[in-house]
Amino acid sequence: MIDMLPLIKNTSAYKTVKADIKFHRLSHAYLILFKDKVYSEAVLRIFAKTVFCENDDPCGNCRACRLIDEGRFPDAKEFPENGNSIVKDDVLSLIEQSFLKPIEGDKKLFLLKNAESMNATAQNKILKTLEEPPSGVHIFMCATGEFNLLPTVRSRVKTLTIPEFSKDTLFDVMRPYYTDEEKLKAAIFCGDGTVGRSEALYGDEKTLATLSFTTDLMLNMKSSRNLPEFSKKLSDLKIDFGEFLTVFELTLRDLLCYNHGEKALVFNSEQSSRVLSAGGYNDGAIIYILDRISETRRMLAANVNAQMVSDKFLFSVLEGKHKWSK
């Protein structure tokens, strides 16, 4: 797995916890909001190593760091103990273990991944421990979002957010692990700002096909005479239409940044330059098509015929270009 420390150490969440450690004000309970479910355990372990490693940042080599990475450090207990969801038995085990003295120091950490998976019973059970844990006990919970957590839980924790990572940052961190730069760029472009999704898409040939089709469509669909051709291409490639809409949306947002000289924010500069050189995608057209993407998603959610929705959207792309070229 990818070393997440280079990504995490620059976030305000990480810097906050480091400052709390330095000034001896470590909170009794933290909620880390982090949308990358695949790497939630790795992120919790980084925070645990930050607490127990004697170096300024986790070294990864000392005994504490090595045992935390293996899930075997005696004073950093991980939950759930079985499966992927935190259940009532996990919380009861946590409460029981919280009254045991730390073995190697003066702190005991409990790391809860998938905290959003806790049902109401488990959340109510943990309330008292979140509010008044035994001395030296600190709880770090990681969740993809806070909406499944009860207000009473959210009020008892210090909430920190790790935002989506920029595409350039992800590319720099992931490039040593993935050698095909074209595939990696496509995966990151479609990867929703997370390492886990980018990794999953890197091995998916349809990701590159979706991006290639999107570029082809924007360059070469110039009139209604081309609509049947591109409708057939989309069907033949068996591209997930929802994924296609996401890629189209990301591409349009790149174009907006490129149009306004914000080239540092543009991930696929070569694609943006080619599309804009072909003409037809000024700000008005881009915003019009972005609105049609939102409308198309609503139609899909309402179970409108998929082929009809697809053809209607392709026509709306031409409509937007024509309307705003006048």
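Helices are DSSP runs (H or I) of at least four residues, strands are DSSP runs (E) of at least two, and both are numbered from the N terminus. The model shown in these views is predicted.

View A. In general, strands of a sheet pair through backbone hydrogen bonds, in either a parallel or an antiparallel way.

**View B. Strand 2 and strand 3 run parallel and are joined by four bridges.** Strand 2 covers residues 76-79 and strand 3 covers residues 108-112. E78 has L111 in strand 3 as its bridge partner. Between the two strands, the chain passes through helix 5 (residues 88-98). This β-α-β crossover is right-handed.

**View C. Strand 3 also pairs with strand 4, in the parallel sense.** Five bridges connect strand 3 with strand 4, which spans residues 137-143. L112 is placed opposite M141 in strand 4.

**View D. Y30 and F140 form a stacked pair of aromatic rings.** The structure holds 14 aromatic pairs. In the pair of Y30 and F140, the ring centres are 4.7 Å apart and the planes are at 20 degrees; planes under 30 degrees apart count as stacked, so this pair is stacked. Y30 belongs to strand 1 (residues 29-33) and F140 to strand 4, so the pair ties together parts that are 110 residues apart in sequence.

**View E. A cis peptide bond joins F79 and P80.** Omega of this bond is about 5 degrees. P80 is found in the loop between strand 2 and helix 5.

**View F. N114 has a positive phi although N114 is not a glycine.** The phi value is near 55 degrees. N114 lies in the loop that runs between strand 3 and helix 6 (120-131).

**View G. Helix 11 packs with helix 12 at an angle of about 180 degrees.** Helix 11 consists of residues 205-220 and helix 12 of residues 227-237, and their axes are 11 Å apart. Angles over 145 degrees count as roughly antiparallel, which makes helix 11 roughly antiparallel to helix 12. From helix 11, the residues K206, F213, D216, L217 and N220 take part in the contact. They meet F230, K233, L234 and L237 in helix 12. Sorted by class, this contact has five nonpolar, one polar and three charged residues.

Terms used
Residues are numbered from 1 along each chain as its sequence is written. This is a predicted model: local features need pLDDT of at least 70, side-chain atom pairs count only at pLDDT 80 or more; totals for chains, interfaces and linings use all residues. Side-chain values use heavy atoms; hydrogens and water are left out. Axes are lines fitted to C-alpha atoms, for helices over the stretch in contact, and angles run from 0 to 180 degrees between N-to-C directions. Angles under 35 degrees count as roughly parallel, over 145 as roughly antiparallel, 65 to 115 as roughly perpendicular and the rest as oblique. Contact means heavy atoms within 4.5 Å. Ala, Val, Leu, Ile, Met, Phe, Trp, Tyr, Cys and Pro count as nonpolar, Asp, Glu, Lys and Arg as charged, and the others, Gly among them, as polar. Two strands pair if DSSP finds at least two bridges between them. A crossover is right-handed if, with the strands pointing away from the viewer, the path from the first strand over the helix to the second runs clockwise. Rings of Phe, Tyr and Trp (its six-membered ring) pair if their centres lie within 6.5 Å; planes under 30 degrees apart count as stacked, over 60 as edge-to-face and the rest as tilted.
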